[in-house]
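Subject: Structure handover

Hello,

Here is the structure for your files. My notes follow below it.

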Amino acid sequence: MPHIAIQLSGPRNTERQQKISQAIAQLTQDILGKRPEVIAITFSQVAAQDWWIAGQTLEELGQSAFQLDISITDETNTKAEKARYLQAVYDTIAGLMPHLHPVSYVHVIDARAAAYGYGGKTQEYRYHHS
């Protein structure tokens with residue numbers, strides 16, 4: 001698994017969401033080694049006038065931004081893998097969103113295996129019963 005929540009500034013753009021979803025799923029497989037059948041991605045949109053950086057809105061700045069939060073099971077990826085993932089995600093989204101502000105965040109959330117899961121089973125349970 002992981003669950004990936006992506007916030008994008010500006011109006012909803014289904015074509016852009018599809019491109020980002022496909023690219024992020026591929027990076028998640030290639031860099032973090034996660035199985036594609038358990039990658040879930042959700043999107044939310046934030047109006048440019050509602051996204052503030054350093055006291056100014058993105059609308060005022062004429063820029064866009066994103067935040068990506070990915071929940072993974074703790075101790076399943078190295079620091080180097082996570083660093084590569086952060087850079088690859090930023091670079092990928094920068095190629096798909098015009099005028100991307102550098103204050104766009106990627107947060108890899110290392111969740112404890114006993115406190116995280118899907119289908120009603122924790123990752124801890126899956127580990128012990130695999």
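Is K34 buried or exposed? K34 is buried, because its relative accessible area is 10%. Buried means under 20% relative accessible area, exposed over 50%, and partly exposed in between, using a 1.4 Å probe and protein chains only.

Before the rest, the ground rules. This is a predicted model, with residues numbered from 1 along each chain as its sequence is written; local features need pLDDT of at least 70, side-chain atom pairs count only at pLDDT 80 or more, and totals for chains, interfaces and linings use all residues. Side-chain values use heavy atoms, leaving out hydrogens and water.

Overall fold

The protein chain has four helices and eight strands. Their order along the sequence is β-α-β-β-β-α-β-α-β-β-β-α. Both are DSSP runs numbered from the N terminus: helices are H or I with at least four residues, strands are E with at least two. The C-alpha trace spans about 55 × 30 × 30 Å along its principal axes. Of the 130 residues, 38% are buried. Take contacts between residues at least 6 apart in sequence: 73% of them join residues at least 24 apart. Contact here means heavy atoms within 4.5 Å.

Surface and charge

Accessible surface comes to about 7,500 Å², and carbon and sulfur atoms hold 50% of it. Areas come from the Shrake-Rupley method with a 1.4 Å probe; for residues, only the protein chains shown count as cover. The 11 positive and 13 negative charges have mean positions 7 Å apart. Lys and Arg count as positive, Asp and Glu as negative; His and the chain ends are not counted. Each charge is placed at NZ of Lys, CZ of Arg, CG of Asp or CD of Glu.

K34

K34 sits in the loop between α1 (14–30) and β2 (40–46). Beyond its neighbours within four places in sequence, K34 contacts M1, P2, T28, Q29, I39, I72, T76 and N77. With T76 there is a side-chain to side-chain polar contact at 2.9 Å. That term means a pair of N or O atoms within 3.5 Å; within protein, one must be able to donate a hydrogen and the other to accept it, and residues adjacent in sequence count only if both atoms are side-chain atoms.

T73

T73 belongs to strand β5 (residues 66–73). T73 is buried, because its relative accessible area is 11%. Leaving out residues up to four places away in sequence, T73 touches M1, A111, A113, Y116 and Q123.

Regards
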